[in-house]
Each structure stands twice: as C-alpha cells, then as structure tokens.
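Here is a short tour of one model. Keep the sequence and the 3D view side by side while reading.

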Amino acid sequence: MVEPIVIEGQRAWLKQYGEGSRAVALGLLNFVAHRFQLDALRPPPHRGGDAAKETEARRLGELAAQGVNVPHVIGSGHAALVLEDNGSSFNTCLRQADAGGRDVLVAAAMQAIAAAHAKGAYFGQPLPRNLTWDGAKVGFIDFEEDPLEVMDLAQAQARDWLMFGYGVAKYYEDRPQQLQALMAQAMDGVEAPVIAHAHAVSGRLQGLARASLKMGRSARALAHAILIVHGATTLGVLMLAVICYDFFSDGDLDILQLLV
C-alpha cells in the first residue's frame, strides 16, 4: 500500500509492504515461461514484508548510483519505506495528453530506459503506472522484485522493453506505426545479446499475437505491442509476460487459455 504524506511541507510517500500473496499465479507464469522457453518472461520472487522492503531499498540504491531518476529513501520502519516524491503519475499524464503530447512523453521514457540500460541498469516493470513525470524528467518507481534473481542482464533489459511496449500500446491503438517509429529510434543502440534474446522469444509467440488480435482491448494491446516491437527491433521482442503479469495481478488467468 502506498499513500501520500507531508514532511516539512514537502510531499512524500509511505510505502507499506504486505505479505506476498501471488505464489500460485506466479508459479503458473513460471511454468508457462519454462514450457515455451521464454527466459525473459520468468517472474522473479514476489516477497512481502521486510524482505520486499529490503529488496526495494537495495534496488533504489543501485539505480541511483547508476544515475537513474528514482526516489530517495527518506526513512524506513518495519515493512515500510518513506520515499521522496519524484513526479506525477506517468499513466495520468498519458491519459490527459493529446497525441503529440503522448509522443513527447513516450519518447522521453524510451530515451530514459535506453540511457539507463547503457549504464548497466534494468528495471523489471517499467509500465506507465510505475513511471513518473515532473515536467522535464521521467522517473521510475516500484522495485520490490529483482529480475536478476531468475535471469541475466540481457534478458532483464529485454523484459523492460516488453513491459514498456505493452504498457503504452493501448494509447497507440489507432497509431501503431508512430509508436513503432519511436521505439525503433530509442532502441537503435540496443546491445546485441538483448536483440538476440528478443529474436528467440519472438519466434515462439507469433501465434499468440495472431490470436490476440481477435480478442478484447487488453489482448489487442498485447498483439499491437508484439507487432510494434517486432518491427522496431527487426528481430522482435514480444509481450506475453506483460499480459500474464498484468492479468495475474488482477486475479484473471484467462490468458493461459491461449497457450493450451
């Protein structure tokens, strides 16, 4: 649970870590990732309480040392951190922006991700809900999981592009070519191992993209993201983990039916 607080006239955030409760869902996703050899889609452990707090505090420190715009830890307590405010919700900014404004925001986020990757950083879940915008810089939040516990750096960075691409695809349902162009530009300098892994994943999930085009809005966003990132990278990066993870967090596991 995260709630705003005020400290010495400045807004901050109190983040309290409950107990982990997604073992079954994450176990199913892990099975799917193994079954289809999708290493970048393996879910990292989702811990709760002090373990989650310690993971987030460590990751925030690592990212800050790499020059990434993340909130500083102001204080800590039992299963809780107090974090500085580093901007407005990126999701809210996207919803309120017109087409041109969205392009500016999305390009800025992609550039921030690419710049962080070049320094050896990785995120885990750079969905719009886990990004911030202060009017000039993109910020990143929510690091209670660590993908490097279950994959290597190239796979973790490929995962970041998967997550972000899926997260913004719904805002480009009528302009997928523009999103593809923005992503192609941002990923121009992506490391070869990241692209190689993306290529392996893409070859295994083309059927999922075709099936998703015939389903609801979230599934269509998945399909559009698959095609967009595929075009942007030539070799391709796909989105199964994102739709699974997003649906699992909401308690809806229907997406697994596509893989039977």
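Over how many bridges do strand β2 and strand β4 pair? Strand β2 (residues 10-16) and strand β4 (residues 80-84) pair over five bridges, in the antiparallel sense.

## Basis of the model

This is a predicted model: local features need pLDDT of at least 70, side-chain atom pairs count only at pLDDT 80 or more, and totals for chains, interfaces and linings use all residues. Residues are numbered from 1 along each chain as its sequence is written, and side-chain values use heavy atoms, leaving out hydrogens and water.

Helices (H or I, at least four residues) and strands (E, at least two) are DSSP runs, numbered from the N terminus. Two strands pair if DSSP finds at least two bridges between them.

## The four-strand sheet

β2 and β4 belong to an open sheet of four strands. The order is β1-β2-β4-β3, and the pairing is antiparallel. β1 (2-7) and β3 (73-77) are the edge strands, each pairing on one side only. From one strand to the next, the twist averages 25 degrees.

W13 stands opposite L83 in β4. Helix α2 (residues 49-65) packs on this sheet and touches β2, β3 and β4. Contact means heavy atoms within 4.5 Å. The direction of α2 makes about 30 degrees with that of β4. Axes are lines fitted to C-alpha atoms, for helices over the stretch in contact, and angles run from 0 to 180 degrees between N-to-C directions.

## The three-strand sheet

Another open sheet has three strands in the order β5-β6-β7, with antiparallel pairing. Its edge strands are β5 (88-89) and β7 (138-140), and each pairs on one side only. Two bridges join β5 to β6 (residues 131-133). S89 has T132 as its bridge partner in β6.

Helix α4 (residues 99-118) lies across β6 and β7. It runs at about 55 degrees to β7.

## Helix α6 and its partners

Two packed helices are described by the angle between their axes and the distance between the axes. The axes of α4 and α6 (residues 176-186) come within 9 Å and cross at roughly 30 degrees. The two helices are therefore roughly parallel (angles under 35 degrees). On α4, D103, V106, A107, M110 and A114 make the contact; on α6, Q178, L179, L182, M183 and A186 do. By class, that gives eight nonpolar, one polar and one charged residues. Ala, Val, Leu, Ile, Met, Phe, Trp, Tyr, Cys and Pro count as nonpolar, Asp, Glu, Lys and Arg as charged, and the others, Gly among them, as polar.

The axes of α5 (residues 153-169) and α6 come within 12 Å and cross at roughly 155 degrees. α5 and α6 are therefore roughly antiparallel (over 145 degrees). Their crossing is right-handed. W161, G165, V168 and A169 of α5 meet L179, M183 and A186 of α6. This contact has six nonpolar, one polar and no charged residues.

## Aromatic pairs

Rings of Phe, Tyr and Trp (its six-membered ring) pair if their centres lie within 6.5 Å. The count comes to two aromatic pairs. The ring centres of F123 and F140 are 4.1 Å apart and their planes are at 15 degrees, so this pair is stacked (planes under 30 degrees apart). F123 sits in the loop between α4 and β6, and F140 in strand β7. The pair links distant parts of the chain, 17 residues apart.

Technical notes:
Parallel < 35°, antiparallel > 145°, perpendicular 65-115°, else oblique. Phe/Tyr/Trp six-rings, centres within 6.5 Å; stacked < 30°, edge-to-face > 60°. Left-handed = near helix turned anticlockwise from the far one by under 90°.
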